[in-house]
Each structure stands twice: as C-alpha cells, then as structure tokens.
Amino acid sequence: MAAAERAIRTRLPLVDLVLEVRDARVPASSAFEPLRRRGPLEPDNRRVVVLSKTDLANPSETEKWMAYMKKQGTFPCIAVNSHNRKSIKELLSVVQSRIRDIKHGESNCTGTVLLVGIPNIGKSAIVNSMHQIGRIGAAEKGKLKQAIVSSHPGETRDITGYKVASHPNIYVLDTPGVLSPSFANDDSGPRLALTGAIKVSLLDEYDIAEFLLAVVNSSEEYRKWGNLNQVGDSFSSDNTNTFRSRNQKRQYVSDHNQDFIVKAVRQVLFETISSSKGYLEKEDEFRRLIDRQFVSLREAFKVPTQSSEDICKPVALKLLNLYRTGRLGHYTLDHILDVRQEVVA
Ligand SMILES: Nc1nc2c(ncn2[C@@H]2O[C@H](COP(=O)(O)OP(=O)(O)OP(=O)(O)O)[C@@H](O)[C@H]2O)c(=O)[nH]1
Ligand SMILES: [Mg+2]
C-alpha cells in the first residue's frame, strides 16, 4: 500500500482532475488521507468528490451530505451508483465539463483524471461503467478493457488508464485503494470495516457485527419488516428447507442470501427490537438485546451448533454480508453533526 500511495502522490500534480471516491455511507470516515493532508481549505477546482454506492446509503442523509459539501464550497460533490447508467452519465458530464474548463474549451487535447480512494469503495466499478458508457470511437469500443471489480479490498494492484470520452479525449486512471493505518486509532475503524474497506480478518468480525446490530437497533428501519407475512409481501411463500414457487429459482438452506433466510433474519430483528423498544436507553439492556439477537440469528441463518464451537463467527460473517449487499436496509453511518470540518475537507 505504501508503494501505491507513493505512485499516486507522484501522479497527483501531473493530472488535470482528481476524482476522490468516498462511500456515501461514510462520507467523512472514507476521506482519502493523502488529499486530506494537502493543507488549507481553499476552493480546489482540480478535485471532485464522488459519493459512491448511494444505493446502499440512506437517501435523505446523502442529500444532507451533498448540501453540506456544497455549502463548504471547496470542491464539487456528486453522488453515484455505479450500477446505474443515468448516474454514471451525470458523472461523465461533470468530468467533461470540468476538463473543458481546465483546457479552456479546447477540444483537440487530452485530459487526465486520477481516480483515488480507500480500498473497496467502488473505484474500478466506476471506471468500468464510465469506459463502457462514455462516448468513444466505435473502433475503441471494440477494444473495451475491464478493470477487476471484487468484493474484497485490495483487488486493484496497478494504476491503469481507461478512455472515457473523445473531444477532448479523457483518460481516467484507476488506482489501488490506499488506507491510512490511523484508522485503527480513531472511531472510523468499525465503520470502515462494516462498509468493507478493511479486511474483516484485521478486526474481530463479532465486534463489527455487534456494531452493525447497534446501528440497526438504534434506527427505525426495522419497522418496515413488521408485515413480512402479509399477502403480497415478496417473501410470503416461506419454507424452511428448499422450495420453488412460480418464477422463482430453487432456494438452498446453505445460501444465507436467499430470500427465505433474509426474511427470517428480518423477522428476528423486527421481533427482538420491537419487544425491547423503550428499554434501550439502558446500556445493559442494549447489550442483552444484542446477545439475544445473536442466538436467534444463529437459528435464522441455520448455523448448526454442533459443527462449530464458535457460532458467533459464521453468524457475524453472514450478517455483515447481508448488510453489504443492502438487504438489511439503508444506513448512513457518518452524521454531519459529529464531523469536524477538517475531516470532511
Ligand atoms: N451496491 C453497490 N455496490 C457497488 C457499487 N460500486 C461498486 N460496488 C461493489 O463494491 C465492491 C468493490 O468494488 P471495486 O470497484 O472493486 O472497488 P475498488 O475501490 O476498485 O476496490 P480496490 O481495487 O480494492 O481498491 C464490488 O463488490 C462492487 O460490485 C455501487 O454503486 N453499489
Ligand atoms: Mg479497484
């Protein structure tokens, strides 16, 4: 990571534009440290902040963050879902207009954009979508490249350029994710582990799942899961073994992402949180709730007790996986009120 950071730092002064990708769920904790240390909070027209994975964040919190960043006035900010064509087109148009400004409207030139951020934040997914959707010549379209996208942090190892526009020609350089070791000393650690920027093996998975349950238990998202058995609910045709209804694929007990497992998990969360609401101000009640949830979630995930002495690890990993794929709701973990200005900029 140190070599990657050096390579990025060397390129920073050479490119026309820097796209700093941050996770919309943690817009402050996921700030890119090498840019943060650059100095005073003056307007920076070479930098655009991209809030990624907006489909996983709380939409009203994302709006508040966008308004906050705009008010700061130091650099533009755009929210993106890399799986959404419209969203990528908006990003492309912001990048093109910035490059045209920087190149004073010249169309016969080349603009370079450095895409930076912490690991697993969606950089390669963004560059792939820009490369595929961007207006480049038909001959070049035939030679489309593909950056490796993976749910594990640290997948991109080298800096690679992708053409995303013509007139002017724009190349985006995808870079390896870089994370400052200082995350271990502040409270961003659990948030970054939960959102997937830090390898789970570096922190205790049980602690991260406990943090997730604390977030879920303190939010109102669980109320949506109060009518899971009503007719019309997408999860209604439940069966604990395998089942197949019309237009549905066969569902297997071993796959915790399957609908009936997700439904059982949501039901556990709904029931345990509803029965404890009103008592949760007391720390020991909150703790007891989480312990109870782990026991019930083991059943919901169908983790066999006899197969492992430690049931917490598989339950924790399955729970984290559901959160990361958005199946436990939409949570923004950084709140504007908690954030100091220098952290955002
Ligand atoms: N839900 C959702 N998932 C996304 C989005 N963008 C990327 N992902 C997922 O996030 C994971 C990481 O994506 P990458 O593009 O590999 O992330 P990266 O920043 O390049 O990661 P490194 O190369 O390790 O630094 C993958 O599982 C992607 O499918 C998004 O907008 N929404
Ligand atoms: Mg990558």
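UniProt positions are given in the numbering used here, feature names are shortened, and annotations may be inferred rather than shown by experiment. The model is predicted: local features require pLDDT of at least 70 and side-chain atom pairs count only at pLDDT 80 or more, whereas totals for chains, interfaces and linings use all residues. Residues are numbered from 1 along each chain as its sequence is written, and chains are lettered from A and ligands numbered from 1 in the order in which they are written.

**View 1. Overview of the protein chain.** The protein chain contains twelve helices and six strands; helices (H or I, at least four residues) and strands (E, at least two) are DSSP runs, numbered from the N terminus. Of its 345 residues, 36% are buried. A residue is buried if 20 or more other C-beta atoms lie within 10 Å of its own, exposed if 12 or fewer, and partly exposed in between, with C-beta atoms placed from the backbone. Two residues are in contact if their C-beta atoms, placed from the backbone, lie within 7 Å. Among contacts between residues at least 6 apart in sequence, 72% join residues at least 24 apart.

**View 2. Positions listed by UniProt under "binding site".** The unreviewed entry lists Asn81, Ser82 and Gly177 for this feature. Asparagine 81 is found in the loop between strand S3 (77-79) and helix H4 (85-102), and counts as buried because it has 21 C-beta neighbours inside 10 Å. Beyond four places in sequence, asparagine 81 touches Lys53, Thr54, Asp55 and Ser87. Glycine 177 lies in the loop between S6 and H7 and, with 22 C-beta neighbours inside 10 Å, is likewise buried. Leaving aside neighbours within four places in sequence, the contacts of glycine 177 include Gly117, Ile118, Lys123, Pro153 and Thr156.

View 3. Most residues other than glycine have a negative phi, and most peptide bonds are trans. Lysine 53, in the loop between strand S2 (47-52) and helix H3 (59-72), has a positive phi near 55°. Lysine 53 counts as buried, with 26 C-beta neighbours inside 10 Å. Histidine 167 has a positive phi of about 50° and lies in the loop between S5 and S6. Histidine 167 is exposed, since 12 other C-beta atoms lie within 10 Å. The peptide bond from histidine 167 to proline 168 is cis, with omega near -5°. Proline 168 belongs to the loop that joins strand S5 (160-165) to strand S6 (169-174).

**View 4. Helix H7 and its surroundings.** Eight of the eight residues of helix H7 (residues 188-195) are buried, among them Arg191, Leu192 and Leu194. The buried residues of H7 pack against strand S1 (17-23), helix H8 (205-218) and helix H11 (312-324). Just after H7, glycine 196 adopts a positive phi of about 105°.

**View 5. Packing of helices H9 and H10.** Helix H9 (residues 259-276) and helix H10 (residues 283-300) pack at an angle of about 155°, with their axes 10 Å apart. Axes are lines fitted to C-alpha atoms, for helices over the stretch in contact, and angles run from 0 to 180 degrees between N-to-C directions. H9 is therefore roughly antiparallel to H10 (angles over 145 degrees). Residues making the contact include Ile261, Val265 and Val268 of H9 and Leu289, Arg292 and Leu297 of H10.

Note on methods. Parallel < 35°, antiparallel > 145°, perpendicular 65-115°, else oblique.
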